[in-house]
Amino acid sequence: MPSHDYQAAPRVWLGWQGANDFGMRLRWFDYDQYNAGSEHRPKVGASHFDLEMTSAVELDGNWDVLLSGGTRYAEVLTSEKPDSEHGVSPYVEGTRGLGPLLGLELSRSLTDNMGLYVLTRTSLQFGDGFDTEYTDDDDRHAYEAFAVTEIQMGTEWNRPLFGTALTFARAGVESQFYHQVADSQDESLALFGAVFS
């Protein structure tokens, strides 16, 4: 969409990994932005909540691999022509659903504390679509499916902490692609930006 600019979007996760390299992780992401440069000031929102099991393996002594699988709840919406007088958007269109999630993360050390990483996640969501036009009543469309794909890559600094933990800082780029979620599921939505974690 024209005139959309970069906007901060939080991602928070909590995880645990045992001595046998098996673990679990919770993750939440939320993006929400109005387009102030457009006449209709469309709004774009995307959020998901993940629950994953993880397994860490080492590949050829050079690459660390983290495999993950679980489930994701995702919601994507767009709205136009907000009513500034009442603080509401007369027209909202979106899709939401629950489905399986698969992930792969690769990291490689360049020095004792610096390295590169790349990760990808993909999920298939099954749920319903909804649109609200000048009313608070939802017109729901059951049994809709969509997919979410994420790709992230960058550099990493890490350092062991107390012998049982790993402290790290990452900087990179990320793209997210939401397949067939906009304009009554005839178009897709993509997000791109920098990542700091």
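**Burial, strands and a cavity**

Author: Start with burial. Of the 197 residues in the protein chain, 37% are buried (under 20% relative accessible area, 1.4 Å probe, protein chains only). The model is predicted: local features need pLDDT of at least 70, side-chain atom pairs count only at pLDDT 80 or more, and totals for chains, interfaces and linings use all residues. Residues are numbered from 1 along each chain as its sequence is written, and side-chain values use heavy atoms, without hydrogens or water.

Reader: How many helices and strands are in the protein chain?

Author: Strands are DSSP runs of E, at least two residues; helices are runs of H or I, at least four. The protein chain has zero helices and nine strands. From the N terminus, the order is β-β-β-β-β-β-β-β-β.

Reader: What share of contacts joins residues at least 24 apart?

Author: A contact means heavy atoms within 4.5 Å. Take contacts between residues at least 6 apart in sequence: 54% join residues at least 24 apart.

Reader: How many cavities of 30 Å³ or more does the structure hold?

Author: On a 1 Å grid over the protein atoms alone, a cavity is a set of points where a 1.4 Å probe fits but cannot get out; lining residues have an atom within 4 Å of a point. Volume is the space filled by probe spheres set on the points, which are joined across faces, edges and corners. The structure holds one cavity of 30 Å³ or more. The largest cavity has about 40 Å³ of space.

Reader: Which residues line the largest cavity?

Author: Among them are Arg-25, Arg-27, Glu-105 and Arg-121. Strands E2 (22-34), E4 (63-80), E5 (91-109) and E6 (114-133) each give two or more residues to the lining.

Methods
1 Å grid on protein atoms, 1.4 Å probe; cavity = no way out; pocket = protein on both sides within 12 Å on 5 of 7 lines; lining within 4 Å. Buried < 20%, exposed > 50% of the residue type's maximum accessible area, 1.4 Å probe, protein only.
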